[in-house]
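User: I am new to this structure and would like to learn how to read its features. Please take me through several of them in turn.

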Amino acid sequence: MSNPDSLPDVTPLKSKPDPEHPKPFNTDDIDEEEEEDGDENDVEYDDEDAKGEVFGEPNRLKPQSREAQFRSEKLKMDSLLQRMQSGPVSVRVHDVIIKGNTKTKDHVIEAETEVLNNVGSMQELLKASQIVNLRLQALEIFDSVKITLDSGPPELPGTANVIIEVVETASPLSGQIGAYTKAEARSSTVEGSLKYKNFFGYGDLWDGSLAYGYDHSAELSAGVFLPRFKGLVTPVTARAYLLSQDWLKFSSYKERSMGLSLGLFSTPYHDLAYNLAWRTLTDPSQMSSRSIRRQLGHNLLSSLKYTFKFDRRNSTMRPTRGYAFVSTTQIGGLTPDSRSLRFLRQEFDLRYVVPLGFYHAALNFGVSGGVVFPWGNGFSSRPSSLPERFFLGGNISPVCALGGPTALWGFKTRGLGPTEPKRQVNNENADSSGVDFLGGDLAVTALADLSFDLPFRWFREKGIHAHVFACAGNVAKLTENEYRNISVQKFVESLRSSVGVGLVVPTSLFRME
C-alpha cells in the first residue's frame, strides 16, 4: 500500500477559474498513487530486500529504511505512469471522503463531485479530480482545496478512494472600493461593495453594493447567490436594487427603478432570469419633447429574459481567432396590472475572427441587430417603452462589447436615430435649444476591424497595437404604425458609418484606445 500524495491546488481561489475548461493534465505536476488489481503489470513491493537476519532473531524481518520505501514508491509510480502513457488504466471510484468542512454542508461539496461517479480509468479520474478542485474553489468559500487519490479496499481491486480536504475561509467578510469608467453611462462612478461568504453553510454568498456616478446616477443593491438550492442543478441568485439614471442631457428624462431580479436557471450557455421593478420617468427640466412627455410617469416591469451565449474567442480584449454568438429574448407584461409594460424584445450579436498569420494580425467581423415591439390590444398604434428602445453611439468599443446593437465608433452617446426638438419655454435662464434622442425599435450594426502589432519590440511586449476599423449602423422606429413607412431600401440608404485608425493601449484595468 502506498501513502497518498495530494493533488496540487490548480489555481488560486480569487481567480474564478472555469470548471468546464480545466488545464491539461501534466504528469510532472501531480504526484499520484493507486493500487491496481493484480494483473501481470502490477508492481509489487520487493520483500526480498526487506528480509534478513537480526542478531538473536534470525527469522525476524528487518524494517525498511525511508530510502528503501521511497525507492519502492517511486518504482510503483513510474510503472503507473508508463501504463497510463501506453493506454487507459482501468479504475473506478469506491468512495469520496470529505474532511475539514466544519460549517459547510456535506451535500454542497458532494454536488460538485458528481463527475467522479462516471470515471472508468485513471486518466479520467485525474481529469475529473482537477474539475472538482476548480469547481470547489469557484465557490469562493474555501481558502484551499486539496484532493488525494488513495487505493480502495483490498477486497475491491481496481478501485480508488477520493479524499477531499478543504480549509474554510478564515475571513468570511470582505470588501472593496474603486473608481470605474463606464462608457455606456458616459461617466465615471465610485463603487463599493461588501461580501459575506457561507453565512448559513450552504455555500451562500451575500453581498451589498453602492455605486455613485459623477452625473448623479446611483445604484444601491443587495443580493444572494446559492450554488445549490432545494436540489436544483443550477445556481440560484436573487437581487434587490434601487437604481437612478440621469438622461437629461440626451433625452430629457430621469429614470428611477426599484425592483427584484431572480436568476432562475444558469449554465455556461443558457441563462434565464425574471425581473420585477417599479419604474418612474420624470423630467425635472420641464423641457422634454412631446414624445418624451408621453412616456413620463409610473409603470410596472415584469419580464422574463432568456440568454443563449457561447464565446470561442481566445480573448475578449483583443481576439485573434475564434467566434462568438449571443441571443437574448425578453418578454414583458407577465402581470395583469394595466400599468405593466407589455413588449417583446429580441437581439443578437455574432462575431467571427480570422487570423492572418503575420504581425499577430487578425480581422474581426461582427454583426448585431435587435427589435422591440409592444403586444396586446392595439399594439401597432402604441409606442414602445422608452427605456427598452435601442440607442447607438458612445465610447464603447465594438470589439469588446458583445450582447447586442449598442456600440458604434464615431458617434456621441445616443447620437444615432430619431430625434425631436425639445419643448420651447419662456425662460431666459433655460436653454431650450437642442433635440431629444428618442431611440428606435429596430437597430442594426456591422463591424470590420483589422488589428496588428507594431514593428517595435517594446510595443509588442506591452501589448500595444494598432487597428483599422469600419463600422456602420442604423436605428428606426416601427411602432405607432411607422413600420408601414419603412423599407429595406430606405433603411440601408440611411445607414450611418465611420472609418478610422487607432492605437490600443491595454492595461490590467481597461482598454484605452
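Analyst: The dialogue below discusses a helix, some salt bridges and a surface patch. This is a predicted model, in which local features need pLDDT of at least 70, side-chain atom pairs count only at pLDDT 80 or more, and totals for chains, interfaces and linings use all residues. Residues are numbered from 1 along each chain as its sequence is written, and side-chain values use heavy atoms, with hydrogens and water left out.

User: What span should helix H3 have, and how far apart are its end C-alpha atoms?

Analyst: Helices (H or I, at least four residues) and strands (E, at least two) are DSSP runs, numbered from the N terminus. The expected span of a helix is 1.5 Å times one less than its number of residues. For H3 (residues 122-138), with 17 residues, this gives 24 Å, and the end C-alpha atoms are 24 Å apart, which agrees.

User: How many of the 17 residues of H3 are buried?

Analyst: A residue is buried under 20% relative accessible area, exposed over 50%, and partly exposed in between (1.4 Å probe, protein chains only). Twelve of the 17 residues of H3 are buried, so the helix is largely enclosed by the rest of the structure. Among them are Met 122, Leu 125, Ile 131 and Gln 137.

User: Which residue does Glu 140 meet in a salt bridge?

Analyst: A salt bridge is a side-chain nitrogen of Lys or Arg within 4 Å of a carboxyl oxygen of Asp or Glu. The side chain of Glu 140 meets that of Lys 195, at 3.4 Å from N to O. Glu 140 lies in the loop between H3 and strand E3 (142-151) and Lys 195 in strand E6, so the pair ties together parts 55 residues apart in sequence. Glu 140 counts as buried at 11% relative accessibility, while Lys 195, at 26%, counts as partly exposed.

User: Where do Arg 457 and Glu 461 lie?

Analyst: Both are in helix H6 (residues 457-462), four residues apart, about one turn of the helix.

User: Which residues form a nonpolar patch on the surface?

Analyst: Patches are made of residues with over 30% relative accessible area and no salt bridge; like charges are joined within 9 Å, and nonpolar side chains (Val, Leu, Ile, Met, Phe, Trp, Tyr) within 5 Å. Here Phe 199, Phe 200, Tyr 202 and Trp 206 form the patch, with about 410 Å² of accessible area together, calculated by the Shrake-Rupley method with a 1.4 Å probe, where only the protein chains shown count as cover for residues.
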